[in-house]
Structure formats: structure tokens, C-alpha cells
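Keep the viewer open as you read.

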Amino acid sequence: MNYQNKINDLLKEYSSGNKDGAYKKLIKILNKSKDDYLLRYNIAVIEQDLNLNEKARFNYKFIIRNQENIKAMVNLYNIEIKEEKYQEALILINKVLKINNDLKFVNKDKAFVCLKLNKIKESRELCKVFLLENKEDLDALNILGLCYSSENNFEEAYKIFNKILFYDKNNIPALNSLGRLYHEERNSKLAEKYFLKALKLDSSSYQVLNNIAGFYREEGYYEKSIRYYLKSLELNPNNSYILNNLSKSYFDINDFKSSKFYALKALDYNKHDGNIQK
């Protein structure tokens, strides 16, 4: 069997379910063919699928250093977004757009990252341009709604989120966003209603879990808050924001040992966050 056929068979083997075995065999081949960028890319995709993000990051960066590979850049910035490393994601997004500015989905991803970096005006304008040709794109509408919310333009935000629910009554990001809006406006009953509805539809959304945990903490239900933060942490164990909030929740109930434990874990992942060190 020749070299490429062997690789193709192992990729099929991985897709068929023998993930660990196929992956290990592919790594052995890569160790003998380090400059096979296509093989390295396929392995990085597998590592991303297996949640081996550090290994995937290494391989994507290896590829990008040697060639302008847009797919590798896109996959790498998605890892950075998942791990909430938004500045790193933005650098990669701008590199992709410099190569090809016509990739609409990348502009939408840039809008999301700009929102997370508090570049609200830039995010809002990117969304508006994107929505001119994609009027019913619910992800872009949600980003736009979050922009309005960040600018305290609650009237426009409500319009956007309700528009999303008109298209999809079970849209989890919109339900979650409405929960946050009502929480900000101190309407506890409606905030809880929307958070719980979003959670019922997807109990594995760490964003919803994190938001409802924060809601219960502010409402003084500290045990509930801790329970939801712990569930959120199971889904995203390296998230310093969740770890820090969990530390604060334990502090609220005078469990200083647990509070210190989670604060130190948060610092392991984000040593420069002054809020954690407090």
C-alpha cells in the first residue's frame, strides 16, 4: 500500500470510530514526514475534534508559518475563540481577511470577537454590513442585539432578540440574551424564565449555565449559583472567568478554602487578571 492510500485509510478508520488507534498511527507517519502539511492539517483537525487544543494549535501554527493556509487560520482562530483568547483570534482573523476580504463568515466572526473585546461600534457596523446580504442570519442578529445591549440601547436590543425568536422560538442565544437583558433591568422573574427555558433546551451550554449562575448569585441564592457554576466548569474547565466567579460564590458563603482553591486555579489560566488576585 502506498503512502497516501495508507493515510486515506487511516482517516476513514478515524471517521468509522477507531479514533484513538487511527490518530496514533497518523502521528507515527507524521513523525517521519514532518513537512507533509496536508497530513499535519488533517491531524490538527483530528486533535481539534478530540479537544487536544494545544496539540492542534501547535500544528496549525506550524502550517501557517510555512504557507498561507486559510483553513488552518480559520480553525486556529476558532480554537482561540473557544478558549476566549479573543485578541489572538482577532490577529488571525485580520490575517485571513488580508488574504481574502470576501469571506463573509469571517467578517461575522470578526464582529463577534470585536464584541467580546468591547469594540462595540466596530462590531455593530460589521454586523449591519453582513446583514445587508444575510437578513435572516440569526447569529449575526444576536451579535447585533448584544451590541445594542452593551450600548444600553435596550429598546433596539429587545426588538432584535424578539425578531430572532419570531424566526426560531427556541433560539438559545436569543433566550439567553433576553435573560441577561431582563437581569440588567432587574426583572428577576422574566430573567429566570428565559434562562431556564434556554437551559431546558440545552443543558450543556456553559454560557447559559454561567449566566444563570451569575443571576442566582446576585439574587442571593448562593448554593444554586455554585451548582450551576460547577456544571459550567465541567463543560469548560480552563475558563478563568468561571473559575473566578466560582471562587467569589464560595467566598459569599464563607467557604474560604474552596474560594482560594478556585481563585488559584483561575490565576493558573490568567495570571494577569487583577480581579482574580483580589
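A residue counts as buried when its relative accessible area is under 20%, as exposed when that area is over 50%, and as partly exposed in between. The model you are looking at is a predicted one.

Cys147, for its part, takes part in no disulfide, and the structure as a whole holds 0 of them.

Next, turn to the nonpolar interior. In soluble globular proteins, nonpolar side chains tend to be buried together. Here the largest nonpolar core has 73 residues, and the ones with the most contacts inside it are Tyr60, Tyr77 and Leu178. Leaving aside residues up to four places away in sequence, Tyr60 touches Tyr41, Ala44, Val45, Gln48, Ala72, Asn75, Leu76 and Ile79. Another core, of 11 residues, lies apart from the largest one, and Tyr23, Leu39, Ile43 and Ile46 are among its members.

Now for the charged side chains. Side chains of opposite charge can pair when their charged atoms come close. A search of the whole structure finds 15 salt bridges. One of them joins Lys19 to Asp49, with the closest N and O atoms 3.3 Å apart. This pair links distant parts of the chain, since Lys19 sits in helix H2 (residues 19–32) and Asp49 in helix H3 (residues 37–49), 30 residues apart. How accessible are the two partners? Both are partly exposed: Lys19 has a relative accessibility of 35%, and Asp49 has a relative accessible area of 47%.

Other salt bridges stay within one helix. Lys24 and Asp20 meet through their side chains at 3.2 Å, N to O. Why is their sequence separation of interest here? Because they are 4 residues apart in helix H2, about one helical turn separates Lys24 from Asp20. Asp20 is partly exposed, at a relative accessible area of 48%. Lys159 is partly exposed at 46% relative accessible area, and Glu156 is partly exposed at 26%.

Helix H13 (residues 206–219) is our next stop. At 1.5 Å a residue, its 14 residues should span 20 Å, and this agrees with the 20 Å between its end C-alpha atoms. H13 is mostly covered, with 10 of its 14 residues buried. Among the buried ones are Tyr206, Val208, Leu209, Ile212, Phe215 and Tyr216. What covers them includes helix H5 (70–82), helix H11 (172–184), helix H12 (188–201), helix H14 (222–235) and helix H15 (240–252). Just after H13, Gly220 takes a positive phi of about 90°.

Finally, look at the rings. The structure holds 14 aromatic pairs. Tyr37 and Phe62 form a tilted one, 6.2 Å centre to centre with 45° between the planes. Tyr37 lies in helix H3 and Phe62 in helix H4 (residues 53–66), so this pair ties together parts that are 25 residues apart in sequence. Phe62 counts as buried, at 17% relative accessibility. Tyr216 and Tyr228 make a stacked pair, because their ring centres are 5.7 Å apart and their planes are at 15°. Tyr216 belongs to helix H13 and Tyr228 to helix H14, so the pair ties together parts 12 residues apart in sequence. Both Tyr216 and Tyr228 are buried. Ring pairs also link Phe195, Phe215, Tyr216, Tyr221 and Tyr228 into a cluster.

Technical notes. Residues numbered from 1 in each chain as written. Predicted model: local features only at pLDDT ≥ 70, side-chain atom pairs only at ≥ 80, totals over all residues. Heavy atoms only, no water. Disulfide = S-S within 2.5 Å. Core = buried A, V, L, I, M, F, W, Y, C linked by side-chain atoms within 4.5 Å. Buried < 20%, exposed > 50% of the residue type's maximum accessible area, 1.4 Å probe, protein only. Contact = heavy atoms within 4.5 Å. Salt bridge = Lys/Arg side-chain N within 4 Å of Asp/Glu carboxyl O. Helix = DSSP H or I, 4+ residues; strand = E, 2+ residues; numbered from the N terminus. Expected span 1.5 Å × (residues − 1). Phe/Tyr/Trp six-rings, centres within 6.5 Å; stacked < 30°, edge-to-face > 60°.
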